[in-house]
Amino acid sequence: MLQYSNIHQTSNFAVLSVSYEKADAETRGKFAFFDENIKNFVTRIHSVDLGDAFVVSTCNRTEIYTTSPNYLLVAEEYCKTIGVHLTDFLQFANILTKEEALIHLFRVASGLESQIIGDFEIIGQIKKAYSRFKKERQNSNPYLERAINAAIQISKRIKNETGISNGAASVSYAAVHYILNSQKKITEKNILLLGVGEIGQNTVENLVKHVYQPKIKIANRTQEKAEKISQKYNIPHVDYSGIDEELKNTDILIVATGAKHPIINKSHFPNGRETLVIDLSIPHNVEKNVTENENVTLIDVDELSKQIQETIQQREKEIPKAEKIIKELMKEFLEWEKKRKLAPNIHHFKAVLKNMERNEMHQFYRKNKYINITDMELSDKMIQKITNRFAKFIIDNPLKAEEISKLMHEILVEQPNNEFNEKH
């Protein structure tokens, strides 16, 4: 009688994840995804009717989320887009499907899967990644919409109801933490930050917050963005084309750019000045040969993650509380999905009752020439109450849903129709 609408379901949800757990920073860099790839990737998967997918690519992980049961074909198109072989990608990828994939999304969103546990920068990156794909697709996917909203809700609750983010330990703070612990007379140091994307801005914010009147300058390929951040934090910015000259007087260089290849190398440090270089970029945007200059110290994301183990240990104690929240909202999500699957059955059942109501009202009016509004309101309440009972039964007994829906249709629609036809 009724067919489920063709909606995306958890049973088709999958994630292919390359993260710090299996891949070092250099390897993660090979599989990194850039905004300029979005259009090509979206076009590819839709040209071969693979459904929807979006990619979250951060310094710690690259993850393909898809509602396609053909997730390996989606991964193949992804690899073609970024120019790597599928076999190389799969060598480092963890593949999760169905409810495991959904739980993974919620754990990632709440910082439980971050290299630094409790790093909530990831939820902003997930929101932004999905938004960009939705814009390119020019359409929304109701399942992904709901999943992302649930992930945001879980992230907020865990942040507010647990201590898992106590003791700042994000990648950007880890950089500032390292500077504070390794540098003397920090207020006298000349700091240059390259790149004012999300990580770069968070680093600026942490520097301004934790260092008294830091001598920090920023530079960005997009001058307008540099000016905007400069005004926001009341710090100077320099023209990107002038960074070679600026580096001659720099004591601490923080690189948070998103280039595909290194933009800083040993030629940038010719004068023997002691310089701390912190590379927050994935793939690395600083060549390792900078350390051939013995006055240059290079720190990357993997090194930073080792600096705050004490904070991590405290946060690990909060994991059970966070997992309890995930379990609770996971249950809500699956309940929503059950209702959504059965929505056509429920709507049909209610429509049948409303049709019976209209017929009875019509008969009553023909006979009495009036209808009491109170009676109409009472009838509405009864229909809603009966519908609610029907909905609850088929949601609680999904395997019987089609059988019960068919039976109700026979009793309330087919049988009256047959009786009417026999009389006329």
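Trainee: Which residues touch the most other members in the largest nonpolar core?
Mentor: Phe41, Phe89, Phe106 and Ile278, out of 91 residues in that core. Nonpolar core here means buried Ala, Val, Leu, Ile, Met, Phe, Trp, Tyr and Cys joined through side-chain atoms within 4.5 Å, and buried is under 20% relative accessible area (1.4 Å probe, protein chains only). This is a predicted model, where local features need pLDDT of at least 70 and side-chain atom pairs 80 or more, while totals for chains, interfaces and linings use all residues. Residues are numbered from 1 along each chain, and side-chain values use heavy atoms, without hydrogens or water.
Trainee: What does phenylalanine 89 contact, leaving aside neighbours within four places in sequence?
Mentor: Leu16, Val18, Phe31, Ile64, Ala75, Tyr78 and Cys79. Contact means heavy atoms within 4.5 Å.
Trainee: New topic: which residues of α9 are buried?
Mentor: Ile199, Gly200, Thr203, Val204, Asn206 and Leu207. They sit on the same side of α9, because they cover an arc of only 165 degrees around the axis, taken from the directions from the helix axis to the C-beta atoms. Helices are DSSP runs of H or I, at least four residues, and strands are E runs of at least two, numbered from the N terminus.
Trainee: And what's the strand order in the open sheet?
Mentor: β6-β5-β7-β8-β9, with parallel pairing; strands pair if DSSP finds at least two bridges between them.
Trainee: How many bridges join β8 to β9?
Mentor: 5 bridges. Aspartate 279 stands opposite aspartate 300 in β9.

Notes
Buried < 20%, exposed > 50% of the residue type's maximum accessible area, 1.4 Å probe, protein only.
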